[in-house]
Amino acid sequence: MSTEPETTALAEAIASAGRIALFTGAGISTESGIPDFRSPGGIWTRKTSILFQDFLDSEEARQEAWRRRFEGDAAMRAARPNRGHRAVEALVRRGRARAVVTQNIDGLHQQSGLDAAQVIELHGNTTYAACLECDTRHEMDEMRAAFEAGGRSPRCRRCLGLVKTATVSFGQPMPEAAMRRAREEAQAAELFIVLGSSLVVYPAAALPVLAVQNGARLAIVNREPTPMDEIADIVVRRPIGEAFGDAVGVN
Ligand code: APR
């Protein structure tokens, strides 16, 4: 058990809180081997993001998007939940939190044992694809085979519409139901815990502010400073697995 004062303060805040809201970003998955976006060496330090409109307008942009998805496939398939995910799952299982609000698309919270309904995905999920016209689900193996066979972006097996990973790209509308649930989580929380997010992408980054405006205490576990540190009650600048695993008491 860590004797680090901020981790102890987080453990005490968790022990004494009523309803807890959990909010995760890419930083909770780096210890599972999935790179984040804005750390040194992160995805956006090496590539520019593909805007949703570009995906719609350009076959070349679609092919680049699929190339990137399959480039990262090995790391995605090899990734397993880490101690940070297990601590999130433990708080939900113990009834201390109702769900986890996540910006992540890797499905690791579900792999850790949470039901789909307990994982509020604000930016969708990259472990499967969906048709942008009829919403038909398509599995990644099928998409990869089609892309590698023809080199062109896969089309829907039902309506021949454009198919995209089931993620929310910049410029794509946010999932309304997920955003509504996430706001409810923030408004109802007595303690809002951020785990591994730079808190620079909106509307997700507004959720900690909404929680604080509704009277919640705010804890941020993040390796680097965030713009919300100044409104946080507790800031733990340590690896999530260690710090949050210690604070929750899971291995
Ligand atoms: N322990 C603690 N903090 C960590 C760890 C770790 N093991 N690994 C990374 N971090 C921190 C980094 O310091 C960084 O500040 O996690 C944060 C991750 O920030 P981002 O890479 O910006 O990821 P995120 O906040 O989830 O990005 C939000 O941006 O590109 C979009 O849709 C994408 O959902 C993503 C959104």
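Domain bounds are taken here from an automatic or database domain assignment. The model is predicted, so local features need pLDDT of at least 70 and side-chain atom pairs count only at pLDDT 80 or more, while totals for chains, interfaces and linings use all residues. Residues are numbered from 1 along each chain as its sequence is written, and side-chain values use heavy atoms, with hydrogens and water left out.

The protein divides into domain 1 (1–34 + 81–123 + 174–251) and domain 2 (37–78 + 124–167). Their centres, taken over C-alpha atoms, are 27 Å apart. Domain 1 gives 16 residues to the contact and domain 2 gives 12 residues, where contact means heavy atoms within 4.5 Å.

About 980 Å² is buried between domain 1 and domain 2, and carbon and sulfur atoms give 52% of this area. Buried area is the accessible area (1.4 Å probe) that two parts lose on being put together, summed over both. On the side of domain 1 that touches domain 2 there are six nonpolar, six polar and four charged residues. Ala, Val, Leu, Ile, Met, Phe, Trp, Tyr, Cys and Pro count as nonpolar, Asp, Glu, Lys and Arg as charged, and the others, Gly among them, as polar. Three residue pairs, both at pLDDT 80 or more, are in polar contact across the interface of domain 1 and domain 2. A polar contact is a pair of N or O atoms within 3.5 Å; within protein, one must be able to donate a hydrogen and the other to accept it, and residues adjacent in sequence count only if both atoms are side-chain atoms.

The ligand shell draws at least three residues from each of domain 1 and domain 2. It divides into seven nonpolar, 10 polar and six charged residues. One of Thr-30 lies 2.8 Å from a ligand nitrogen atom. One of Ser-198 lies 2.6 Å from a ligand oxygen atom.
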